[in-house]
Amino acid sequence: MMHINYVKTMTQGMGDSEKAVFIHDYLEDHFQYGYDRTPGSAVQGFKTGYTKCLGYTAAYYIIGLNSGLKVLQRFFFRGY
């Protein structure tokens, strides 16, 4: 929740484009790609700072939605 509430507060008053860039930059600064057995989930990313591709996507979706962006959910699973 800390990540979501922080970004939500920081993006108040921003336009959609500014919010999108802020969220991208926030995830880039606070998450690292987790090699070796790191689960690829947003929850894992929020807890440890490490996730994989799907985790980045899910985290962007969750934070974006909570920050007022109209975010589409399009997650694809292939052999995970």
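Some housekeeping. Residues are numbered from 1 along each chain as its sequence is written. The model being predicted, local features need pLDDT of at least 70 and side-chain atom pairs 80 or more, while totals for chains, interfaces and linings use all residues, and side-chain values use heavy atoms, without hydrogens or water. Helices (H or I, at least four residues) and strands (E, at least two) are DSSP runs, numbered from the N terminus.

Next, the rings. Four aromatic pairs turn up in a search of the whole structure; ring centres must lie within 6.5 Å, and planes under 30 degrees apart are stacked, over 60 edge-to-face, the rest tilted. Phe-31 and Phe-46 have ring centres 5.8 Å apart and planes at 80 degrees, so this pair is edge-to-face. Phe-31 sits in the loop between α2 and β1 (32-33) and Phe-46 in helix α3, so the pair ties together parts 15 residues apart in sequence. Phe-31 is buried, at 3% relative accessible area; buried means under 20%, exposed over 50%, partly exposed in between, with a 1.4 Å probe and protein chains only.

Last, α4. Its buried residues include Gly-55, Ala-58 and Tyr-61. Among the elements covering the buried residues of α4 are α1 (2-10) and α3 (42-48). Just after α4, Gly-68 has a positive phi of about 95 degrees.

How values were computed: Contact means heavy atoms within 4.5 Å. Rings of Phe, Tyr and Trp (its six-membered ring) pair if their centres lie within 6.5 Å; planes under 30 degrees apart count as stacked, over 60 as edge-to-face and the rest as tilted.
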